[in-house]
Amino acid sequence: MMNDNGSKSFPVESHSPEHSQLSWPEHVPIPESFLCPISKRLMKYPVVDREGNSFEREKILRYLYLQRRREPWKGFSPVTRNPLRDSDLVDNRALQMAIDAALKNALEQEHVNDQSTKRARSRWSRIPNLLTSNMKVAMKTVSTTR
C-alpha cells in the first residue's frame with residue numbers, strides 16, 4: 001500500500017483494541033514466546049508462518065519488503081532462512097489471546113500490588129506522627145522533672 005508521500009506502508013489490524021493501548025508492567029517478565037524474534041519486543045499483532053514461527057505483523061512485513069527491494073525474487077524467514085512470502089502469514093489468534101490473557105493477569109496483579117503498597121504506606125505514614133507525639137510526651141516528662 002502506498003502512502004501519500006509515496007512510501008510503502010503496511011496495514012495493521014487491531015484484534016484487541018485494549019491490548020494495543022496497554023503496556024506490559026515493568027516488574028513482570030515477558031515470556032519469550034510473546035516476543036517478536038525480529039524486534040525482541042512484545043507482539044501486539046502476532047502472525048504465524050507456515051512453519052509455526054510467530055512474528056509481529058509490521059516487523060515481518062517490513063523485513064520481507066526490504067529483502068524484496070534488494071532482490072525481488074527473494075524473501076526468506078529470519079528464523080529458518082526458508083522461503084517466505086507475505087501470503088504465508090496468518091493471524092496468530094491463539095498467541096494473541098494468550099498475550100491478552102497474560103497482560104490482563106499482569107495488570108490485575110499490579111493493581112493488587114499497588115493497593116497493598118498504598119495500604120502499607122498509609123500504615124507507615126502514621127509512624128512519624130506517633131514518634132513525634134511520643135517525643136513530645138518524653139520532652140514534657142524531661143522538662144517537668146528538672
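Student: Where does Arg 93 lie?

Tutor: Arg 93 lies in helix α3, residues 93–145. Helices (H or I, at least four residues) and strands (E, at least two) are DSSP runs, numbered from the N terminus. One note before we go on: this is a predicted model, where local features need pLDDT of at least 70 and side-chain atom pairs count only at pLDDT 80 or more, while totals for chains, interfaces and linings use all residues. Residues are numbered from 1 along each chain as its sequence is written, and side-chain values use heavy atoms, with hydrogens and water left out.

Student: Thanks! Is Arg 93 buried or exposed?

Tutor: Arg 93 is exposed, with a relative accessible area of 58%. Buried means under 20% relative accessible area, exposed over 50%, and partly exposed in between (1.4 Å probe, protein chains only).

Student: And how many residues apart in sequence are Arg 93 and Tyr 45?

Tutor: They are 48 residues apart in sequence, and their C-alpha atoms are 9.0 Å apart in space.

Student: Switching to rings: how many aromatic pairs does the structure hold?

Tutor: It holds two. Rings of Phe, Tyr and Trp (its six-membered ring) pair if their centres lie within 6.5 Å; planes under 30 degrees apart count as stacked, over 60 as edge-to-face and the rest as tilted. One is Trp 24 with Phe 34, an edge-to-face pair at 6.1 Å centre to centre with 75 degrees between the planes.

Student: What does that pair tie together?

Tutor: Trp 24 and Phe 34 both lie in the loop between α1 (17–21) and β1 (46–48), so the pair ties together parts ten residues apart in sequence. Trp 24 counts as buried at 11% relative accessibility, and Phe 34 is buried at 7%.

Student: Why is the pair of Tyr 63 and Phe 76 edge-to-face?

Tutor: Because the planes of Tyr 63 and Phe 76 are at 90 degrees, with the ring centres 6.4 Å apart. Tyr 63 is in helix α2 (residues 57–70) and Phe 76 in the loop between α2 and β3 (90–91), so this pair ties together parts 13 residues apart in sequence. Phe 76 is partly exposed, at 23% relative accessible area.

Student: OK, core next. Which residues have the most contacts inside the largest nonpolar core?

Tutor: Trp 24, Phe 34, Ile 60, Leu 89 and Ile 99, in a core of 16 residues. Such a core is a set of buried Ala, Val, Leu, Ile, Met, Phe, Trp, Tyr and Cys residues joined through side-chain atoms within 4.5 Å. Helix α3 gives the most to this core, with four residues.

Student: What is Leu 89 in contact with, leaving aside neighbours within four places in sequence?

Tutor: Its partners include Val 47, Val 48, Ile 60 and Leu 64. Contact means heavy atoms within 4.5 Å.

Student: Last topic: how many salt bridges are there?

Tutor: Five, where a salt bridge is a side-chain nitrogen of Lys or Arg within 4 Å of a carboxyl oxygen of Asp or Glu. In one of them, Asp 91 and Arg 57 have their closest N and O atoms 2.1 Å apart. That pair links strand β3 with helix α2 across 34 residues, and both Asp 91 and Arg 57 are buried.

Student: How far apart are the closest N and O atoms of Asp 86 and Arg 68?

Tutor: They are 3.1 Å apart. Asp 86 counts as partly exposed at 33% relative accessibility, and Arg 68 is partly exposed at 27%.
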